[in-house]
Amino acid sequence: MNKAFVKEPEGDDDDLEFGLPPIPAGTKNYMTPAGYQRMKDELLQLIDTDRPEVVRIVSWAASNGDRSENGDYIYGKRRLREIDRRIRFLTKRLDLAEVVDPSVHHGRDQIFFGATVTYQNHAGEEHTVTIVGIDELDPLHGKISWISPVARALTKAHEGEMVTLMTPAGLDELEVLSVSYPES
């Protein structure tokens, strides 16, 4: 069968492909201003620089003749599909984004979206996390999604309070040691 007539599936598999959890139904895609800007910059980079360069390479490779054994052409077409998929994903996520500026809570001791929280678990281990949007999460650098169990347990708690977190090992008590927000 000719590849021109093969249709790629049109599901919302882009979320899974890029390793991100889907946005929960009925909720908004909350993001910090910095996270929104990073995604917007990536989208503009893909549209303005990366895609035109790959199109130029594919066009050049196509002009060389036999496309079936032309590595530049085959790789270029594959790369073009990857770029287009990422552009669709970023556009969809940015369209659904609701930018929340955490600096409006600067100086408060209650935990909301964008807070940097230091807490201690029942075993005495201290952890510092920042509650960010789904598209901004980076657990290795202490950035957790607002839909994560830890973030949900901490949200609306105040400095000095104890909160309960359900873990696979059972209930864990977390003590909120400090809460901070970025300055505007």
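**Overall architecture and the setting of Asn 121**

The model is predicted, so local features need pLDDT of at least 70 and side-chain atom pairs count only at pLDDT 80 or more, while totals for chains, interfaces and linings use all residues. Residues are numbered from 1 along each chain as its sequence is written, and side-chain values use heavy atoms, with hydrogens and water left out.

The protein chain contains four helices and seven strands, arranged along the sequence as α-β-α-α-β-β-β-β-α-β-β. Helices (H or I, at least four residues) and strands (E, at least two) are DSSP runs, numbered from the N terminus. Of the 184 residues in the protein chain, 36% are buried (under 20% relative accessible area, 1.4 Å probe, protein chains only). Among contacts (heavy atoms within 4.5 Å) between residues at least 6 apart in sequence, 60% join residues at least 24 apart.

Asn 121 is located in the loop that runs between β3 (116-120) and β4 (126-132). Because its relative accessible area is 12%, Asn 121 is classed as buried. Leaving aside residues up to four places away in sequence, Asn 121 touches His 127, Asp 172, Glu 173 and Leu 174. The C-alpha atoms of Asn 121 and Met 162 are 9.5 Å apart in space, with the two residues 41 residues apart in sequence.

Definitions and conventions: Buried < 20%, exposed > 50% of the residue type's maximum accessible area, 1.4 Å probe, protein only.
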